[in-house]
Amino acid sequence: MQQDNSTTQFGRVFIWLAWLLALGLLAFVFQDLLETQNNPNTNPQSALNQQGLAEVTLQQNRYGHYVTTGTINEQMVTFLLDTGATEVSIPENLAQQLKLPRYGNYQVTTANGQVTVQQTKIDQLSIGNIFLYNIRANINPGMQGKEILLGMSALKKLEFQQTGKQLILRERHAF
């Protein structure tokens, strides 16, 4: 009788461990699915157009935004395209990881009101096969998260065209 009781207890513990393992596996699979829905452009589609200019095609995420993986100074980052932002805006914690230089403070108006930011410069920014150089940016201590707002200080150097749920970014002609 004593042995049956301990075997039953062992069986229950084993079943609980199996359930926990199964839940952990499901969480891992669904986390990847949710990440893909937030950033469907982890490896953006790149090409050269007929004029030999670099082109990147982005897909909208489930919220209607364009989020993509790219690089700043050859370090991988996530961009949220924001035509309403004057400059590229980088959260403080990411700026520290990227070791960006700081050139002084100034005031900006954001959706959350006035905030003091620090000026910085990005030597090289890339999305797919598009490379931009010497981009004006700011470091925003009030921003949370891991996404960098890709504002007009970078986007004005590109042509872009939206068709349905796609956005095509294209290098401008160099004259």
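Val-13, Ile-15, Leu-17, Trp-19, Leu-20 and Leu-23 make up a nonpolar patch on the surface, and together they have about 650 Å² of accessible area. A patch gathers residues with over 30% relative accessible area and no salt bridge, joining nonpolar side chains (Val, Leu, Ile, Met, Phe, Trp, Tyr) within 5 Å and like charges within 9 Å. Accessible areas come from the Shrake-Rupley method with a 1.4 Å probe, and for residues only the protein chains shown count as cover. What you are looking at is a predicted model, in which local features need pLDDT of at least 70 and side-chain atom pairs count only at pLDDT 80 or more, while totals for chains, interfaces and linings use all residues. Residues are numbered from 1 along each chain as its sequence is written, and side-chain values use heavy atoms, with hydrogens and water left out.

Helices (H or I, at least four residues) and strands (E, at least two) are DSSP runs, numbered from the N terminus. Val-13 counts as partly exposed because its relative accessibility is 49%; buried means under 20% relative accessible area, exposed over 50%, and partly exposed in between (1.4 Å probe, protein chains only).

Now let us turn to charges. Side chains of opposite charge can pair when their charged atoms come close. A salt bridge here is a side-chain nitrogen of Lys or Arg within 4 Å of a carboxyl oxygen of Asp or Glu, and the count comes to 5 salt bridges. One of them joins the side chains of Glu-55 and Arg-170, at 2.7 Å from N to O. Glu-55 sits in strand 2 (residues 54-59) and Arg-170 in strand 11 (residues 166-171), so this pair ties together parts that are 115 residues apart in sequence. Both Glu-55 and Arg-170 are buried. Glu-159 joins Glu-55 and Arg-170 in a network of salt bridges.

Another salt bridge brings together the side chains of Glu-87 and Arg-136, at 2.2 Å from N to O. This pair links distant parts of the chain, 49 residues apart: Glu-87 is in the loop between strand 4 (75-81) and strand 5 (88-91), and Arg-136 is in strand 8 (residues 130-140). Glu-87 counts as buried because its relative accessibility is 11%, whereas Arg-136, at 39%, counts as partly exposed.

Next comes the pair of Glu-92 and Arg-102, whose closest N and O atoms are 3.0 Å apart in a salt bridge. Glu-92 belongs to helix 2 (residues 92-98) and Arg-102 to the loop between helix 2 and strand 6 (105-110), so the pair ties together parts 10 residues apart in sequence. Glu-92 is partly exposed, with a relative accessible area of 21%, and Arg-102 is partly exposed at 33%.

Both partners of that bridge also touch Ile-139, a residue of strand 8. Is Ile-139 buried or exposed? With a relative accessible area of 0%, Ile-139 is buried. Its contacts (heavy atoms within 4.5 Å), not counting residues up to four places away in sequence, include Ile-90, Ala-95, Leu-100, Val-117 and Thr-120. Ile-139 and Arg-102 are 37 residues apart in sequence, yet 8.2 Å apart in space, C-alpha to C-alpha.
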